Amino acid sequence: MAPTKKAKPSSSSSSSMTLKRVKGENFYRDAKAAARLKMLNGGKAVRDKDGKIIKAAAFQKGEDETKPGRVQPDRRWFGNTRVISQTALDHFRTSLAGKKDDPYSVLLKRNKLPMALLDDAANPHTRKRPHIVETEPFGETFGPKAQRKRPRIEVGTFEELSKAASSALEEVEENAAKSTVAGVIEPLASDVVEAPTHADYHEPIYAKGTSRRIYGELYKVIDSSDVILHILDARDPLGTMCESVLEYIKKEKSHKQVVLVINKCDLVPNWVTARYIQHLTPRYPTIAFHASPNHSFGKGTLIQLLRQFAQLHSDKKQISVGFMGYPNVGKSSVINTLKSGKVCTVAPVPGETKVWKYITLTKRIYLIDCPGIVPASANDNETAIVLKGVVRVEALPTPSDHIATLMERVKPIYLSRTYNVPLPNPNDPSESWDPEDLLDKLARMKGRLLKHGEPDREAIAKIMLSDWVRGRIPFFVVPPARSEELNAAEEKKKKLADIKGKSKAVEEPELIPMKQNLKTVMQKNTFVPEDIQPLDEPSEDDEGSENEADEASEDGAVSAEEDDEEDDLKWGDVFEGVSVPAEPSDSGDSGENEVAADGDEDVSDEEVTVKEKRVTTNKKKAENFYSKANVKNKNRQKAALLRSLPVGKRTDRKKK
C-alpha cells in the first residue's frame, strides 16, 4: 500500500483558518467598504515637517475651506424688501382703495400688490385688540381701588342660587294648581304651540332657485370665471338684480370683473333702456342686449368688451366668462346669440338649464352657462316670485290669485289690445276691470268652460301668466329719475379722485366705454304715446362704432379658427422706412402719383394729393341658408377657387 500523508493538526486560532476559494467568486472590496475600513484603520491627516496639514483626514475639511468667507456687497441680495415712509404708505393705500372699488379699472398682478393693507384694515377681526391698561389706568382697573363695575347678583353662593331657582319653580306650580279647572292643569303660555293655518303654509314650488344644489352650481361658476356677466330683464332690471351675490363677489372675489347685460330690450321703449343704462353705469359696466338668432342687438359690443378683458388678462392662456341671473332672463339665449348657433338648450319657461356648461367662444374666451338662482335677499312674496318668471306657470296650484296684481301693473289699454276685450269705460282708459269679470269674459271668448257652462278661471289665469312671462303683454317698470346735475357731479368727483390718487405702483388699465345706438333696436311691442319719450340723439361716431361692431360680429368674429391675439399687421410694422405704394386711380392723375412715389424732392408735402377715404355703407351682407348652416358644400366659393388653380397633369408626373 502507498503511504498516506499525515494530516496537520488543526489550530484553534482564527489566524490559521483559511477560506476555500471558489472559482468565479469576487473577493474585492467595494468603494464603500474600502472607505469605511480606511476611516477605522487610519484616515489621519497628512502633515509636513512644520506640522501643517497637507491633506485633510477623511471626512474632514482643510484649513483653507474653514476660513471665514466674505459676502459680495450687492444690492440684489436685498431686492425682496421694500422700505416706504408712512405718508407714502397712506397715499398708496388711498389710491389703491379707489382703484380697487372702481368697476372700470382692472388691477393686474394682484399677487404682487400689498392687498393686505386694505383687507386687514377693513376686517375687524384682524385688528389689534386694545390693552385695557392702555385705555384705563392700572390703579383704577385692578387692586383695592378698582372702579370697574361688578355684575349685580342677588345671591352670593351657589347654594343660595339653587334655593332661589327651586323656590321660583314651586311658585309656578302653585299658580298652575290654583287655575286648575276640572282637574286639568292649564299649560304655560310658552308651552302653547299654535296650530299652523293656511296662510303659514308655503308651497314648495315657490322655493325654486334657492336650493343648495343650485347655489353649488353658482359658486362653481363664480370660482371658475374671470369675468361675470349678470343678465337682467329689461322690464324690471332692478327687480332681477341679485344684490346679495354681487355683494359677495365684491367682498370675497373682488378681483373678478362684473358686467351687467340688460337683455330683452326689445320688449320696452328705447328711452327706458337708455335710462336704466345711465342709472346702472356708475356701479358696473352696463350693456343693452337683444338675444335673437337673426335680429340681435349688442352682439358686437359685447364681443369687443370680452376681447378687452382677454387682452387685459394677457398673462393667462384663456379667460372664462360666467353667466348668472334670475331664471328665464335669457342667459342661454345670450350664449346662443354670441355663438350664432344652438349650443345651449333654451325654452320660454324657467328652469331649463339644470347644471353648468362650458362653451368655447374663441381660442381665448370660454363661456360658462349657469342655472337661474333666486337670491335670499329678495324677500319677495309669492305673487312677486310668479311675476318675475321664477315659477313655471303650469305647475301653479292657484294661478288666479296673482291676476289682481298683474292687472295693477299693466295698463288696461294694453290688456284690451292683447286680448281684444273692450274697455269697461271708453271715456276713461285708466279704469280697469274687476279681475273676476275679466277672467269670465276671456274664458267665454276662448271657450274655456267647465260643467254647466261655468268659466274656467284657473285655465285663463295660466294663459295670462304665460303671456306675461313670454313678453306678449306690454309692461315695464319706470326707471328712477336721474338728473344731469348728479351725473356731472359724479364725473367731476371721479376726475378729482383720479388726480389725487395717482400712484406709479398700481397698474390699472381702464376699459374703453362702448357706445350703443339704441334706435336700431327692433321693438316687439307697441306702446301708447304717453309711454314713449324722445331718445337722446347719438352722435355719428356712436353710430359708426355700433355698426362696425355689428359688422365685425357678422363677418365671423366668433369663429373658432380666428386668432384673437394678433392684430392686423400694417405695411410699416414689417418694413420700416418703406412708403406704401399708392394705388393707381382711374383718372389721368396716375402720372403725377408715379412722380411723387419716385421721390421728387422739389414737390412739397402740401402739393401731394391724398386719396380720399373709400365711402362705406352700413348695409349688411347678403346671407342665405348656407352662410351659417353646417351642411355639405357650404364653402362653394373656396372650392371653386381651388379648382380654378393650375394643377400639373398626372401623365407628366408618371413620365418623370
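Visitor: Which unit do strand 3, helix 8 and strand 4 make?

Guide: Strand 3, helix 8 (residues 243-252) and strand 4 make a right-handed β-α-β unit. Right-handed means that, with the strands pointing away from the viewer, the path from the first strand over the helix to the second runs clockwise. Helices (H or I, at least four residues) and strands (E, at least two) are DSSP runs, numbered from the N terminus.

Visitor: And what sort of model is this?

Guide: This is a predicted model, where local features need pLDDT of at least 70 and side-chain atom pairs count only at pLDDT 80 or more, while totals for chains, interfaces and linings use all residues. Residues are numbered from 1 along each chain as its sequence is written, and side-chain values use heavy atoms, with hydrogens and water left out.

Visitor: How many helices and strands does the chain have?

Guide: The chain has 23 helices and eight strands.

Visitor: Back to strand 3. How many bridges join it to strand 4?

Guide: Seven, and strands 3 and 4 run parallel. Two strands pair if DSSP finds at least two bridges between them. Asp 233 stands opposite Asn 263 in strand 4.

Visitor: How many bridges join strand 3 to strand 6?

Guide: Four, again with the two strands parallel. Strand 6 covers residues 319-324. His 230 is opposite Met 324 there.

Visitor: What is the strand order in the sheet?

Guide: The order is 5-4-3-6-8-7, in an open sheet of six strands with mixed pairing. Strand 5 (286-288) and strand 7 stand at the edges with a single partner strand each, so one side of each has no neighbour in the sheet. The twist averages 25 degrees from one strand to the next.

Visitor: How many residues of strand 3 are buried?

Guide: Seven of the seven, so strand 3 is largely enclosed by the rest of the structure. Buried means under 20% relative accessible area, exposed over 50%, and partly exposed in between (1.4 Å probe, protein chains only). Of the 656 residues of the chain, 30% count as buried.

Visitor: Which residues of strand 3 point which way?

Guide: Val 227, Leu 229, Ile 231 and Asp 233 point one way, while Ile 228, His 230 and Leu 232 point the other way. In a regular strand, side chains alternate between the two faces of the sheet.

Visitor: Helices now. At what angle do helix 10 and helix 11 pack?

Guide: About 85 degrees, with their axes 10 Å apart. Axes are lines fitted to C-alpha atoms, for helices over the stretch in contact, and angles run from 0 to 180 degrees between N-to-C directions. The two helices are therefore roughly perpendicular to each other. Angles under 35 degrees count as roughly parallel, over 145 as roughly antiparallel, 65 to 115 as roughly perpendicular and the rest as oblique.

Visitor: Which residues in helix 10 and helix 11 meet?

Guide: Lys 299, Leu 302 and Ile 303 in helix 10 meet Val 334, Thr 337 and Leu 338 in helix 11. The residues of this contact divide into four nonpolar, one polar and one charged. Ala, Val, Leu, Ile, Met, Phe, Trp, Tyr, Cys and Pro count as nonpolar, Asp, Glu, Lys and Arg as charged, and the others, Gly among them, as polar.

Visitor: Lys 264, buried or exposed? And His 452?

Guide: Lys 264 counts as buried at 16% relative accessibility. His 452 is exposed, with a relative accessible area of 81%.

Notes: Contact = heavy atoms within 4.5 Å.
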